Amino acid sequence: MAVFRNSLIASALALLFSASIDAHVTLTPKFAEPGQNLTTAFHVPHGCNGSATTGIFVTVPDAITVLTPQQINNWTLTTTYRDESNQSISTINWSGGVLAPTDALDFPMVLSLPNSDLSTQSNVTLYFPVVQTCQVGTANWTALGNDKEGEPAPTIVIVKNATQAAADAIAIKNNSTTSATSSGAAATQTGSGANSIYAGILPFAAAVGALAIAL
């Protein structure tokens with residue numbers, strides 16, 4: 001009986017963990033064209049393994065020299081600069097707020113993209129590593145490219161046609177979710193939909209845990 005109970009607990013925890021990592025912190029929109037002025041936001045879909053978010057710390061890539069992060073009600077915004085001129089932001093920190101573990105929030109900014117040369121390449125990817133601080137623990141969205149340390153960092157992809165690139169990405173994502181079941185995992189993982197998966201798993205995991213204890 002103890003083996004069965006432990007198996008139930010392990011299964012619930014594995015399901016909960018897989019749901020939480022599937023919903024990544026991302027930049028939305030993420031596609032842009034060379035030299036474009038872009039309004040985008042870091043979409044934070046959930047907390048850290050059931051703990052509320054209290055801070056979002058962003059490292060700005062060197063290629064971005066014109067950037068203005070936006071204030072959010074009930075959060076404190078601070079920045080650091082690359083040099084004493086205080087013109088080029090190197091880090092952004094939204095802190096002091098409390099975002100419930102199953103809630104989502106966008107942390108916006110306005111920036112100017114470099115005039116990347118796409119004559120010999122199809123795109124240029126800019127990485128914005130994010131450390132998500134929670135009341136208990138942190139989540140490191142800091143992996144660059146094929147780096148396996150941490151979760152993938154949010155990106156902006158510079159392309160020749162941002163509208164077409166975005167449409168293609170949505171089509172690929174929709175195709176990848178057509179085989180989902182009608183359970184909580186069937187919620188589409190776009191925008192706040194990813195948060196729905198996370199929220200749906202929590203009561204399920206709790207129920208399994210309660211059943212395991214009763215056994």
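Reply: Happy to! There is 1 disulfide in this structure, which is a predicted model. The partners are Cys-48 and Cys-134, with their sulfur atoms 2.0 Å apart. The link of Cys-48 and Cys-134 is right-handed, with 65 degrees about the S-S bond. This pair joins distant parts of the chain, its two cysteines being 86 residues apart. Cys-48 sits in the loop between β3 (37–44) and β4 (53–59), while Cys-134 belongs to strand β10 (residues 130–134). Both Cys-48 and Cys-134 are buried.

Now for the nonpolar packing. The largest nonpolar core has 33 residues, and those touching the most other members are Phe-42, Leu-67, Ile-92, Trp-94, Leu-111, Leu-113 and Phe-128. Among the elements that give two or more residues to this core are β3, β4 and β10, along with β7 (89–99) and β8 (105–112). The biggest contribution is from β7, with 4 residues. A second, separate core of 5 residues includes Phe-31, Val-159, Ala-162 and Ala-165. As a general point, nonpolar side chains in soluble globular proteins tend to be buried together.

Thr-28 and Phe-42 are 14 residues apart in sequence, and their C-alpha atoms are 6.5 Å apart in space. Leaving aside residues up to four places away in sequence, Thr-28 touches Thr-40, Ala-41 and His-43. Thr-28 counts as partly exposed because its relative accessible area is 49%.

Conventions: Residues numbered from 1 in each chain as written. Predicted model: local features only at pLDDT ≥ 70, side-chain atom pairs only at ≥ 80, totals over all residues. Heavy atoms only, no water. Disulfide = S-S within 2.5 Å. Buried < 20%, exposed > 50% of the residue type's maximum accessible area, 1.4 Å probe, protein only. Contact = heavy atoms within 4.5 Å. Core = buried A, V, L, I, M, F, W, Y, C linked by side-chain atoms within 4.5 Å.
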